[in-house]
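Let's take a friendly look at how charged side chains pair up in this protein. The structure comes first, and a short tour follows.

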Amino acid sequence: MKSFEANIKKVVPYTPGEQPQNKVIKLNTNENPYPPSKEVEKVLHNFDVDVLRLYPDPTIKELVDTIADYHGVDPEQVFAGVGSDEVLALSFLTFFHGKKPILFPKVTYSFYKVWADLYDIPYKCTELDENFVIEKEDFYEDNGGIIIPNPNAPTSLYMELSEIEDILKHNQDVVVIIDEAYIDYAKESALKLLDRYENLLVIRTFSKSRSMAGMRIGYGIGSKVLIKHLNNTKHSFNSYTLNAVSIQCGKASIEDDAYFKEMIARVIETREQVKMELKSLGFTVLDSSTNFLFVKHKEANAKKLFEALKAKDIYVRHWMDEPVSDYLRISIGTNEEMEKLIKFMKEYLN
Ligand SMILES: *Cc1c(COP(=O)(O)O)cnc(C)c1O
């Protein structure tokens, strides 16, 4: 170590899924296989490049108003950011400022741990049961805040709203964040609980169900007091987060609700089909409420299967960490892509 490194902050960064730049069957980072709305395409076609001379609107008003209107909340309850990752990072910095450990599930989005370490936030991971189910009782102990994805990743499992509400009831003195990256593929959103819990923040993304991972848009919805604090942190860090193009494209996506719903239905239909086929090939498939499947084969080794798939340009996700090393996470692609996956599996398992 060089002497000047003594005063340098050292962190273990998050490892994002691979983003191969060549044409592959890409089922490794839960992107949407279908394009964004045609309305988004129109915005890009007609975009007045002169607008780029100016800084974008620091309040992101156009997009915030559209999101507020869509969800039936006040614009002062909405915070938009560069992907939900930015909204989450700023939320950790803002809301998890106490001395007690924050709580999140042991098997979950691995970025939570990274942000906690980055900001020196103490944390404790709750155990899941043997079926990867999050147990609400684990969140009854004294803590400095809570973050849970619903549905959870990479397990794909949905937690009933009554359980989330139970956790909120037991935790009225800390901020509780529900990361709803995949909620559009699931049953009910925690947005329903906003009226009753001022300490609840619900976070959403345009990266999965809205087919706009490359645009980087995410948002949080909560009480006015939470959003005010979040905005104060943002404006202490970078006032111009979302760029002018993203703001307009985000708005266009929200306004085309018919297309959005159609694409969600299509992904769910493919998911159910693929789930059946994988089960018939000897896979255990968790009951997904997302746009991916978390699967384990009764005989085939997960890491070897992952590598064999990759050698055929089919990218899925595998982690060496316990207790998920026997599993693969497979995003739902087009029907054609999933047929190729199934065909490969049949040959491989033979
Ligand atoms: C994909 C994902 C995110 C990050 O989404 P971006 O909006 O692309 O930053 C956050 N949380 C979970 C659980 C995710 O799966």
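## A bridge across the sequence

The side chains of Asp85 and Arg216 come together in a salt bridge, with 3.9 Å from N to O. Asp85 belongs to helix H3 (residues 83–95), while Arg216 sits in the loop between strand S7 (200–205) and strand S8 (218–222), so this pair ties together parts that are 131 residues apart in sequence. Keep in mind that you are looking at a predicted model.

How exposed are the two partners? Asp85 is partly exposed, its relative accessible area being 22%. Arg216 is partly exposed too, with a value of 30%.

Next, meet Glu347 and Lys343, which form a salt bridge whose closest N and O atoms are 3.5 Å apart. Both residues lie in helix H10 (residues 335–349), and they are four residues apart, about one turn of the helix. Lys343 counts as exposed, at 53% relative accessibility.

## Glu31 and Lys26

Another salt bridge joins Glu31 to Lys26, and here the closest N and O atoms are 2.8 Å apart. Glu31 is partly exposed, with a relative accessible area of 27%. Lys26 also counts as partly exposed, at 21% relative accessibility.

## A network, and the whole count

Which residues are linked in a network of salt bridges? Arg271, Glu272, Lys275 and Asp287 are linked in this way.

How many salt bridges does a search of the whole structure find? The search finds 24. As a general point, side chains of opposite charge can pair when their charged atoms come close.

Technical notes
Residues numbered from 1 in each chain as written. Predicted model: local features only at pLDDT ≥ 70, side-chain atom pairs only at ≥ 80, totals over all residues. Heavy atoms only, no water. Salt bridge = Lys/Arg side-chain N within 4 Å of Asp/Glu carboxyl O. Buried < 20%, exposed > 50% of the residue type's maximum accessible area, 1.4 Å probe, protein only. Helix = DSSP H or I, 4+ residues; strand = E, 2+ residues; numbered from the N terminus.
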